[in-house]
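I opened the model today to look up helices, salt bridges and one backbone angle. My notes follow in the order in which I looked.

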Amino acid sequence: MTSSADLARVLLAGVRLTMGTAGLLAPGLVIRRLAIDPATQPGMRYPLRMFGIRTVLIGAELLDGNPRRREHAEQLAPVVHGSDTVSAFLAWRRGDLPPRAGAMATAISAANLVLSLVNLGARRRHPPRRPFCSR
């Protein structure tokens, strides 16, 4: 049976893997989705690739078979997504992103934050069973 923590974790990993791969391999597409012209802002490719690989690695860690690595990623996720949400909101409010793109980036980051908090809260209420180890 899949718990709400597992569902939130897998959904969050899916978003991270999708968005990170897009940023890493197709930064021009992501730039255009943010309503920015890549020809006038070619420097945007660099941070998208830089954060793309970070996002892919964190997404993969959320799916890792090693419980300690997965738990570490789960504990860091709210901090990362909280920071992403604040950054997107500030970019939107300051006019660094067009209004629609700023709202979309803020909403995506906030949804990721909610998923990470649901996952962490469910894990705290129902920790995964640790296999019995004799030493």
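Is Asp-84 buried, partly exposed or exposed, and what is its relative accessible area? I read Asp-84 as partly exposed, at a relative accessible area of 22%, on a scale where buried means under 20%, exposed means over 50% and partly exposed lies in between, with a 1.4 Å probe and protein chains only.

**Ground rules.** I noted that this is a predicted model, in which local features need pLDDT of at least 70 and side-chain atom pairs count only at pLDDT 80 or more, while totals for chains, interfaces and linings use all residues. Residues are numbered from 1 along each chain as its sequence is written, and side-chain values use heavy atoms, with hydrogens and water left out.

**Salt bridges.** I took a salt bridge to be a side-chain nitrogen of Lys or Arg within 4 Å of a carboxyl oxygen of Asp or Glu, and by that rule I found a count of 6 salt bridges. One of them pairs Arg-9 with Glu-74, with 3.7 Å between the closest N and O atoms. Arg-9 lies in helix α1 and Glu-74 in helix α4, so this pair ties together parts that are 65 residues apart in sequence. Arg-9 and Glu-74 are both buried.

I then returned to Asp-84, whose side chain meets that of Arg-54 in a salt bridge of 3.4 Å, N to O. This pair also links distant parts of the chain, since Asp-84 sits in helix α4 and Arg-54 in helix α3, 30 residues apart. Arg-54 counts as partly exposed at 26% relative accessibility.

A further salt bridge joins the side chains of Glu-61 and Arg-69 at 3.6 Å, N to O. Here Glu-61 counts as buried at 18% relative accessibility, whereas Arg-69 is partly exposed at 42%. I also noted that salt bridges with shared partners join Asp-6, Arg-9 and Glu-74 into one network.

**Helix α3.** Helices in these notes are DSSP runs of H or I with at least four residues, numbered from the N terminus. Helix α3 covers residues 45-62, which is 18 residues, and reaches 25 Å from its first C-alpha to its last, close to the expected 26 Å; the expected span is 1.5 Å times one less than the number of residues. Its buried residues are Leu-48, Gly-52, Thr-55, Val-56, Ile-58, Gly-59, Glu-61 and Leu-62. What covers them includes α1 (4-25), α2 (27-33) and α4 (67-94).

**Helix α5.** The 27 residues of helix α5 (residues 99-125) should span 39 Å, and the end C-alpha atoms are 39 Å apart, which agrees. Among the buried residues of α5 I listed Ala-101, Ala-105, Ser-109, Asn-112, Leu-115 and Arg-123, and the buried residues of this helix pack against α1, α2 and α4. Ser-109, at 12% relative accessibility, counts as buried. Leaving aside residues up to four places away in sequence, Ser-109 touches His-81, Asp-84, Thr-85 and Ala-88, where contact means heavy atoms within 4.5 Å.

**A backbone angle.** Which residue has a positive phi although it is not a glycine? I found Ala-35, with a phi of about 60 degrees, in the loop between α2 and α3. I kept in mind that most residues other than glycine have a negative phi. Ala-35 counts as exposed at 53% relative accessibility.

How values were computed: Helices (H or I, at least four residues) and strands (E, at least two) are DSSP runs, numbered from the N terminus.
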